[in-house]
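Please look at the structure before reading on.

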Amino acid sequence: MELSAPIIKLHTIAPQLILLISAVMLLLIPHFIKRLSREILAAFTLVSFFVALYFVLRLWQHPDTGFNQMVLADRFAMALQLIFLLGGMLSVLVSLNRVEADYLHFGDFYALLQFAIIGLMVMTSSNHLLIIFLGLEILSIALYVLAGIRKMRVDSVEAAFKYFLLGAFATGFFLYGAALLYGATGSLDIGVMGKMMAVKSSNALLMLTGACLLFIGLAFKAAFVPFHMWTPDVYQGAPTPVVAFMSTGTKAAALAVLCRMVLAVIPAQVSPWMEILPFIAALTMTVGNLMAIVQNNVKRMMAYSSISHAGYLLVALTAGAVWASPAILYYLLVYTLMNIGAFAVISMLGQSDRAERLRFEDYRGLGYRYPFVALTMTIFMVSLAGIPPTGGFMGKFYLFSVAVKAGYVKLVVIAVINSVISVYYYLRLVVNMYMREEETELTLTWPQQGLLAVLIVAVIGVLWLGIAPESMYALFSQAGF
Amino acid sequence: MVDLTNIPILSILTFLPIGGALLLMLVPRQREQFIRYFALIMTLLVFLLSLPLFIQFDGASSAFQFVERAEWIPSVGIGYHLGVDGISLLMVMLTTFLTPIVILTSWKPITRRVKEYMIVFLMLETAMLGVFLALDMILFYLFWEGMLIPMYFIIGVWGGQQRIYAAIKFFLFTMFGGVLMLVGILVLYFMHSHQAGFASFDYLDWTRMLIDQRSQLWLFLAFGLAFAIKVPMFPFHTWLPDAHVEAPTGGSVILAGILLKMGTYGFLRFCLPLFPNASQEFYMLISILAVIGIIYGALVSWVQPDLKKLVAFSSVSHLGFVMLGIFALNTEALQGSLIQMVNHGLSTGALFLLVGIIYERRHTRMIADFGGLARQMPIYAALFGIITLSSIGLPGLNGFVGEFLILVGVFKTKQIFAILAATGVILSAVYMLTMFQRVHFGPLDKEANKKLKDVNSIELVALLSILLFCFWIGIYPSTFLNKTEASVDKLIADVKLKQTQTIEMSRNPHPTGIESDDEFYSVETQSNE
């Protein structure tokens, strides 16, 4: 057996390395220099994100593979990393909200956030199941801690614990699936497995089981029904800046891996495990939306809404990854902007000394007392509901047109009817902001520069992606695998 | 007068109001009087700009005029394409005419959140004009759905007791239809790119394609449901009374005057030319529903104790006439439908204004609370009387022209529908005159009514300007009919031609390389480009 030294190209993981160095520094520095304000730490984090962004853009120009094909720094991965970094930056800005400040140890918080992003990046830039698993674990462990970072609050710890227990199970499924697939095909590379699946073999059952288990592991992270049970509890208990980040990032990463899996299988015939995708998509949208209607807590509503959005994304994935990937990337970008924007407003209504204001009724009077905040929230809600002229509409337009093109008209009909259902609960917030009289005087710590920046970036992004989608979509169309 | 062919007049018309709305956002909310004047001037400016459009529009041509085209999202074939023809011209004029009137009549009644009110109305005007002018399907859809948001706020913020329920109901009903239309648009888009070989959402490109009969039926349903809900046709009308009754006066006027016309406009613009055979298939169903709507609307109006509800249900009846006329598919009926769309906008809009005037003074809309108002408010009663007669369709006033043309046209195709619909005319006289009598005649016995003030100058100006057009259309409708005739004739000719072509195509499936629908799907799913 001939052993060759692996060709390591460190520049293919440059963004991950930058974030790693910065995360370690964030963990260490506060122990030596005590008086670092959170603004300085945030600025440091943001700078590291920008440096990582620079390397992402360079890799976009010159895609490459490293570590003996185990790391794929292709444009698809780079587009996703762009979205992760954007989400990270916005979450850092949300975390500057003064009402969240008391429980966050900022050095740890930012370091964990960066570890989570490293996990996302590792996970999405590989075709190798071990590397994907590695990324998944880095991400998950960081997120477990982040969910419970508000140590003194019962619900936060509960959220972390639930997330951890169920997450551990899901990772087990993933690992078991990977093991079965390795047994069946003798490889851990998704591409090789896809080719093996094309050939009829006696291992078909083993492969199917393996693929299904793998899918379950990812479905848990993306919160597809029926693997969504953890979502509302975790969203409710975890600190808002963390929820803002994990609602977008994890979903994106899980879908990216699914994209790679679907793509690997497509050249062969449609694999049996893919036949369940339309059903899971329909179920995910419908259950998410129906459950969201009956929620009285805004964060739980957003949790169920995020489930339904995972369903919309799955509608496009059903059509096959080549067409779907630009549409999915586009929607993920829009979703990141509008969701983090909405969570920024939710975070603003938090109170450091008392319970968070999370009921729909708590938003009464916002429309006239803080017109700018309410206006941006309205735009985010309208966009989440998929009404033009916002990015949410254009995103859904691309997703659904991919599915119609592939002939899944019935699935798209289910999807659009779900959009109508979703309008009901998104507008409930708008109703409370503008149409009901306030009960008690609503006061916010406003204006704050960090949050202002988030709102402005998100609103401009959402409107720009809704009115002039061409340039961004064209860019994502080049994001091949 | 300036020549309009070289300036992007349609874009200016469409985006001037929303530009005004954005400017208004910067004005401090305390300066209410300035905000009112600003909104009024803005909408008047739009109206004045639309006048040369009407005058310079060439009624002899059936083509789209003042066309503007630009690329917008070229990769998927979405363009920025505006144009006006005889069918949309009158709707555009109606919109630019009614909006300043609404702003004017909101002068006194709206005292709360004036700034927001004016902003949403200006946004609404942009969306409404966009719906009538857009010739790209996605652009059209954008305005169609975009219009929901301002209307939702108008009902939900400035409406009556049940306003939130009404606003949500309005939003959900309309959006439900809209999203199914979006699926229809997407399916048609891929059909078109398969047939024609290039991607386009352009309306004119789409009118050139032939669609097999089975697909036409499904697509007609997807589009038709959206429009039928908007019209609203029986049995999709249930959102209408709630929305109308709860909306503030201005909202009701726009809702009745223009938003409902978007439904009938949609049938004319999209359902007939794109799905001619399906239109024929569904002719019976739609005509029966229209006749039911006419009679049902009239009967329900008859028993309403609430003035606003009465007017709202009368809309169901009047719009039934329009639907009946559209699907009769001959020149008289279609011309009648178009003019009836304008008539209904004018007379029902005016009726809502009149109800609003009395509601503002008495804070009740119950017919039983009034009586003998003619003695106390003679000018008001006189105006009310004329509008009532116009709504009934008295010769010499606008309503007669539309209903007469529709009935003549329908009589030519299917007599029974014309006969049944004619009872609607009689019934409308019954409920309108009963109402008029109970409100204005009889003894002035309620104490509260004895102190009522007659119409003020603002209300008088608004109502008189509507009356002017009621008489104009009633006495000399040719001004308007001349503009529409060519477009209507071409529409009918196109529909008839395509009906026969589609039937030939189905007999002889592959004459010109047009594949059937099954093949379309199978090819699309396999090709992996």
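The expected span of a helix is 1.5 Å times one less than its number of residues. The model described here is predicted.

## Helix 17 of chain B

Helix 17 of chain B covers residues 378-392, 15 residues in total. From its first C-alpha to its last it reaches 21 Å, close to the expected 21 Å. Its buried residues include B:Tyr380, B:Leu383, B:Phe384, B:Ile387 and B:Ile392. Among the elements covering the buried residues of helix 17 are helix 14, helix 15 (331-362) and helix 20 (457-475) of chain B. Just after helix 17, B:Gly393 has a positive phi of about 100 degrees.

## Helix 13 of chain B

The 20 residues of helix 13 (residues 283-302) of chain B should span 28 Å at 1.5 Å a residue, and the end C-alpha atoms are 28 Å apart, so the two values agree. Among the buried residues of helix 13 are B:Tyr283, B:Ile286, B:Leu289, B:Ile294 and B:Val300. They belong to a buried set that packs against helices of chain B including helix 9 (213-230), helix 11 (249-274) and helix 19 (415-440).

## Confidence

Chain B has a mean pLDDT of 89, with 96% of its residues at 70 or more. Over residues 511-529 of chain B, pLDDT stays under 50.

## Contact between the chains

Chain B contributes 41 residues to the contact and chain A 39 residues. Together they bury about 3,700 Å², 77% of it on carbon and sulfur atoms.

One salt bridge is counted between chain B and chain A. It joins A:Glu437 and B:Arg112, whose closest N and O atoms are 3.9 Å apart. Helix 7 of chain B gives the most to the side of chain B that touches chain A, with 14 residues.

Notes: Residues are numbered from 1 along each chain as its sequence is written. Chains are lettered from A and ligands numbered from 1 in the order in which they are written. This is a predicted model: local features need pLDDT of at least 70, side-chain atom pairs count only at pLDDT 80 or more; totals for chains, interfaces and linings use all residues. Side-chain values use heavy atoms; hydrogens and water are left out. Helices (H or I, at least four residues) and strands (E, at least two) are DSSP runs, numbered from the N terminus. Buried means under 20% relative accessible area, exposed over 50%, partly exposed in between (1.4 Å probe, protein chains only). Contact means heavy atoms within 4.5 Å. pLDDT is the predictor's confidence in each residue, from 0 to 100. Buried area is the accessible area (1.4 Å probe) that two parts lose on being put together, summed over both. A salt bridge is a side-chain nitrogen of Lys or Arg within 4 Å of a carboxyl oxygen of Asp or Glu.
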